[in-house]
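Subject: Structure handover

Hi,

Here is the structure I promised you. Please open it next to this email and follow along.

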Amino acid sequence: APLKVNKILCIGAGYVGGPTCAVIALKCPHITVTIVDLNQARIDAWNSADFALPIYEPGLEDVVRQCRGRNLFFSTDVDKGIREADLIFVSVNTPTKKSGVGAGFAADLNYVELATRQIAAVATSSKIVVEKSTVPCRTAESMRTILEANSKPNCRFDILSNPEFLAEGTAISDLFSPDRVLIGSLQTPEGKAACASLAGVYANWVPENRILTVGLWSSELSKLAANAMLAQRISSVNALSAICEATGANIDEVAHAVGYDSRVGPKFLKASVGFGGSCFQKDILNLVYLSESLHLPEVAAYWRQVVEMNEYQKRRFSKRVVDTLFNTITGKRIAVLGFAFKADTGDTRESAAITLIRDFQSERAFVNIYDPQVSETQIWSDLAEASPTVPAETIKKQVKICGSALEACRDAEAVVIATEWKEFKEIDWKEVYQHMKKPAFVFDGRLLVDAAALTAIGFKVTTIGRPSL
Ligand code: UDX
Ligand code: UDX
Ligand code: ADP
């Protein structure tokens with residue numbers, strides 16, 4: 001019979017583990033949920049008296065306020081957490097490898113392996129171990145091998161794959177009503193029982209027909225496939241945006257018309273300055289690496305092109321800025337509105353804004369940056385990482401971080417909208433215009449603002465996926 005889960009541990013208090021397990025605690029008051037992390041500062045922030053949580057996510061604070069200290073706990077004591085739990089989510093980071101075999105493509109599974117070895121070393125009773133991090137296909141198999149090789153008598157480990165599909169910025173509503181929950185297990189009686197235990201946790205708030213149970217490898221591949229196909233939609237629409245700019249078609253109209261076909265669907269067809277985030281590029285590169293290791297070079301090339309199109313879109317956009325500003329931005333001041341990879345998050349991983357600003361810097365422009373959520377420290381560290389050969393003082397001379405959109409736009413020649421924050425739609429564009437150099441340019445990389453209204457004010461507006469005027 002499936003084990004009834006009373007105590008859950010989550011290893012990794014990041015963007016995935018934190019919100020996911022906080023929502024489990026909210027929806028399952030009878031389960032004690034502990035989230036552990038090696039990073040003391042991160043745990044302190046989760047535990048802070050004023051709820052200054054380490055990640056910004058609409059609705060998250062409310063969930064943590066309801067559960068923390070009741071059945072939700074944050075700690076750095078990983079061993080104690082392991083000993084007490086019936087079910088353990090492994091939700092540690094899996095960045096793209098920076099060196100060694102598969103550098104630039106393969107996932108760095110070091111953190112997953114270390115966490116798995118720690119579970120094996122510390123556990124004194126049987127556990128269900130759930131792989132939650134995005135990982136390449138067959139990682140669960142490696143975890144199983146490590147656990148089995150190191151387990152003690154009377155200690156059995158069942159491995160499940162349970163990829164998370166939440167999107168940042170909407171994590172809490174995605175978790176409250178997920179399109180689906182996917183659980184992969186071995187198709188043995190024990191594997192199926194473990195799967196039923198985890199399904200029982202989700203059944204506290206997710207309708208049963210949305211809980212899909214599949215084999216381990218299908219589950220792992222589905223996560224990579226879902227992200228690859230979502231990213232592919234954006235690269236497809238972005239490729240079409242280049243044709244629109246060259247022909248006079250309008251990408252909004254094209255995407256709308258295409259999306260009306262129920263086989264295509266209307267969502268996720270918004271042209272942009274390029275997708276970012278911790279998942280899309282990483283997961284596609286994982287898929288490319290996997291395809292190559294399986295001797296499927298055509299498949300690898302197919303998916304690789306989705307990432308290449310995204311790089312092209314970013315390059316194309318910065319070039320359009322330079323071209324429009326009379327072929328030079330040297331010494332000119334450019335305001336970049338938005339630094340996060342999308343609205344409603346403070347996360348900057350792979351944000352297109354970083355690439356654009358690096359391009360502007362290398363043209364020796366001055367850049368003013370404003371983002372409502374990203375911290376100054378984060379911006380400086382991202383810019384330093386993007387231009388490793390440029391000394392920090394040079395970057396600080398060229399870049400200014402501002403406290404408001406208005407301040408960023410003051411005395412600028414051009415405004416570049418890099419993130420679709422709602423507040424950029426609502427700023428007083430008339431006032432912005434008064435304080436800018438003339439002609440005043442706006443480059444809308446997110447199809448955010450009303451180009452006709454801005455043109456009426458006097459701006460020269462360039463919009464992605466529309467021809468230049
Ligand atoms: C994504 C997946 O959506 C989620 O299911 C998975 O669990 C993790 O990866 P996330 O990266 O958090 O989530 O955000 P998402 O909303 O998918 O946006 C990714 C990037 O694509 C952002 O930079 C966004 O601005 C961009 N995007 C999205 C577009 O450019 N156009 C669109 O139509 C949609
Ligand atoms: C297509 C478009 O669907 C239609 O809107 C357009 O007007 C003309 O082109 P058609 O070629 O007649 O229509 O048939 P369609 O059902 O789209 O199938 C095209 C091919 O794709 C077929 O060979 C079909 O077998 C194949 N297909 C379709 C798949 O292999 N898998 C699928 O999931 C769907
Ligand atoms: P994600 O977006 O996948 O959630 P994050 O980087 O936001 O990724 O979070 C992963 C977290 O996992 C980090 O806070 C990191 O400190 C933590 N972590 C990594 N390895 C371990 C480990 N062995 N034990 C505990 N925490 C870990």
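How far does a polar side-chain atom of R349 lie from an oxygen atom of ligand 3? The distance is 3.1 Å.

Before going on, some ground rules. This is a predicted model, where local features need pLDDT of at least 70 and side-chain atom pairs count only at pLDDT 80 or more, while totals for chains, interfaces and linings use all residues. Residues are numbered from 1 along each chain as its sequence is written, chains are lettered from A and ligands numbered from 1 in the order in which they are written, and side-chain values use heavy atoms, with hydrogens and water left out.

**Ligand 3**

R42 also reaches this ligand. One of its polar side-chain atoms lies 2.6 Å from an oxygen atom of ligand 3. L38 uses its backbone instead: an N or O atom there is 3.4 Å from a nitrogen atom of the ligand. These are polar contacts (pairs of N or O atoms within 3.5 Å; within protein, one must be able to donate a hydrogen and the other to accept it, and residues adjacent in sequence count only if both atoms are side-chain atoms). On its own, ligand 3 has 580 Å² of accessible area, and the protein covers 88% of that. Such areas come from the Shrake-Rupley method with a 1.4 Å probe; for residues, only the protein chains shown count as cover.

In total, 15 residues surround ligand 3. Y15, V16, D37, R42 and R349 are the closest. A residue is near a molecule or strand if one of its heavy atoms lies within 4 Å of it. Sorted by class, this shell holds seven nonpolar, five polar and three charged residues. Here Ala, Val, Leu, Ile, Met, Phe, Trp, Tyr, Cys and Pro count as nonpolar, Asp, Glu, Lys and Arg as charged, and the others, Gly among them, as polar.

**Ligand 1**

Now look at ligand 1. It has 20 residues around it, and F165, E168, S272, K342 and R446 come nearest. The shell splits into 11 nonpolar, three polar and six charged residues. Helix α9 (residues 216–247) gives the largest share, four residues. Helices (H or I, at least four residues) and strands (E, at least two) are DSSP runs, numbered from the N terminus.

Where does ligand 1 lie relative to domain 1 and domain 2? It lies between them, because domain 1 (7–206) and domain 2 (216–469) both give residues to its shell. The domain bounds come from an automatic or database assignment.

Oxygen atoms of ligand 1 make several polar contacts. One is 2.6 Å from an N or O atom in the side chain of S272. A polar side-chain atom of R446 lies 2.7 Å from a ligand oxygen. The backbone of L269 has a polar atom 3.4 Å from one.

**Sheets**

One open sheet has eight strands, ordered β3-β2-β1-β4-β5-β6-β7-β8, with mixed pairing. Two strands pair if DSSP finds at least two bridges between them. β3 (72–75) and β8 (211–215) are at the edges with a single partner each, so one side of each has no neighbour in the sheet. Inside this sheet, β4 (residues 87–90) and β5 (residues 127–131) pair in parallel over four bridges. L87 stands opposite I128 in β5.

Another open sheet has six strands in the order β11-β10-β9-β12-β13-β14, and its pairing is parallel. Four bridges join β12 (residues 414–417) to β13. A414 stands opposite F441 in β13.

**Two backbone details**

Most residues other than glycine have a negative phi, and most peptide bonds are trans. F268 has a positive phi, near 60 degrees. It sits in the loop between α10 (251–259) and α11 (280–293). The peptide bond from K438 to P439 is cis, with omega near -5 degrees. P439 lies in the loop between α18 (429–434) and β13 (441–444).

Best wishes
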